[in-house]
Amino acid sequence: MIETKFDYNGEISWCPGCGDFKILEALKLALSELALEPNEVVVVSGIGQAAKMPHYLRCHCVNGLHGRALPLATGVKASNPNLTVIAVGGDGDMYGEGGNHFLHAIRRNPNITNIVCNNMIYGLTKGQGSPTTPIGTHTSTQPGGVVNRPLNPLLLALSCGATFVARGSAADVDRTKELLKQAISHKGYALVDILQPCVSFNKTHSWQWLATAAKWIEGEGRDEGDISVAMSRALESDPFPLGIIYRAEPGKTFEETQAPYRSGDTTPLFARLPRYEAIERLIG
């Protein structure tokens with residue numbers, strides 16, 4: 001593994017063979033190749049195996065409640081727009097417990113990157129069906145097979161107005177790293193859903209399955225800003241398309257609409273000199 005300034009040298013508690021290792025590698029390489037410094041990056045997460053990722057990075061970390069990474073990340077970015085803010089979690093954390101926050105974060109359009117480690121299962125709690133588990137998959141709580149239709153996160157993000165929607169694969173660190181670099185560089189909310197196996201609790205969607213179930217679509221000469229084409233792509237699942245599904249101009253970000261930054265000054269409030277005269281008028 002290539003050494004980066006974001007490396008963590010302690011013990012990692014993921015199962016051997018977990019796809020999170022490869023996603024962590026791709027993220028560290030992306031941050032390093034973007035020439036970012038650890039003190040410039042904040043990685044926010046909720047609860048779950050994927051949500052442990054900030055613990056294994058040398059940068060700022062905010063670990064919150066289950067499903068609550070996106071409002072935390074939005075607040076961090078609004079408090080200091082000069083930080084690079086990334087929200088990371090699993091498919092259950094982001095699309096299940098965090099489903100409402102997922103929808104409304106896209107509507108607000110904060111300048112953050114949302115990485116979802118999608119193994120189609122709840123791994124931390126030992127194999128329950130998640131929002132993205134396909135129909136018929138046998139799980140610890142659905143031994144007869146999942147009966148609910150799986151959520152389509154890419155289509156949902158597009159329908160809510162996301163201006164950067166992509167899918168990566170833990171089986172391809174190099175190309176997923178490039179996706180992450182482009183997502184982090186995108187101004188506005190950016191979703192990168194990354195397919196990965198859970199080697200302990202999802203025996204159906206394994207490394208072998210991932211090798212044949214997804215296909216990179218880059219280099220096809222298509223218009224990345226065509227929403228109709230993007231929605232058609234998002235509906236494909238045999239194979240799942242990998243790469244940038246949609247990219248468009250984001251318009252104003254959430255931070256730019258907030259009173260302290262409407263003038264274009266991105267100096268965070270804590271770094272500004274107090275307006276003593278205004279305080280004196282307030283307290284009489």
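Predicted model: local features only at pLDDT ≥ 70, side-chain atom pairs only at ≥ 80, totals over all residues.
Colleague: Which residue does the side chain of K22 meet in a salt bridge?

Modeller: A salt bridge requires a Lys or Arg side-chain nitrogen within 4 Å of a carboxyl oxygen of Asp or Glu. Here the partner of K22 is E25, at 3.7 Å from N to O. Both residues belong to helix α1 (residues 20-33), three residues apart, about one turn of the helix. E25 counts as buried, with 14% relative accessibility.

Colleague: What parts does the pair of K181 and E33 tie together?

Modeller: The side chains of these two residues form a salt bridge at 2.9 Å, N to O. K181 lies in helix α6 and E33 in helix α1, so the pair ties together parts that are 148 residues apart in sequence. K181 counts as buried at 16% relative accessibility, whereas E33 is partly exposed at 40%.

Colleague: Where do K187 and E256 lie?

Modeller: These residues form a salt bridge with their closest N and O atoms 3.0 Å apart. K187 is in the loop between α6 and β6, and E256 in the loop between β8 and α9, 69 residues apart. Salt bridges with shared partners also join E33, K177, E178 and K181 into one network.

Colleague: Which backbone oxygens does the side chain of T176 reach?

Modeller: T176, in helix α6 (residues 173-185), reaches the backbone oxygen of S169 at 2.8 Å and that of D172 at 2.9 Å. T176 is buried, with a relative accessible area of 1%.

How values were computed
Residues numbered from 1 in each chain as written. Heavy atoms only, no water. Helix = DSSP H or I, 4+ residues; strand = E, 2+ residues; numbered from the N terminus. Buried < 20%, exposed > 50% of the residue type's maximum accessible area, 1.4 Å probe, protein only. Polar contact = N/O pair within 3.5 Å; in protein donor to acceptor, adjacent residues only side chain to side chain.
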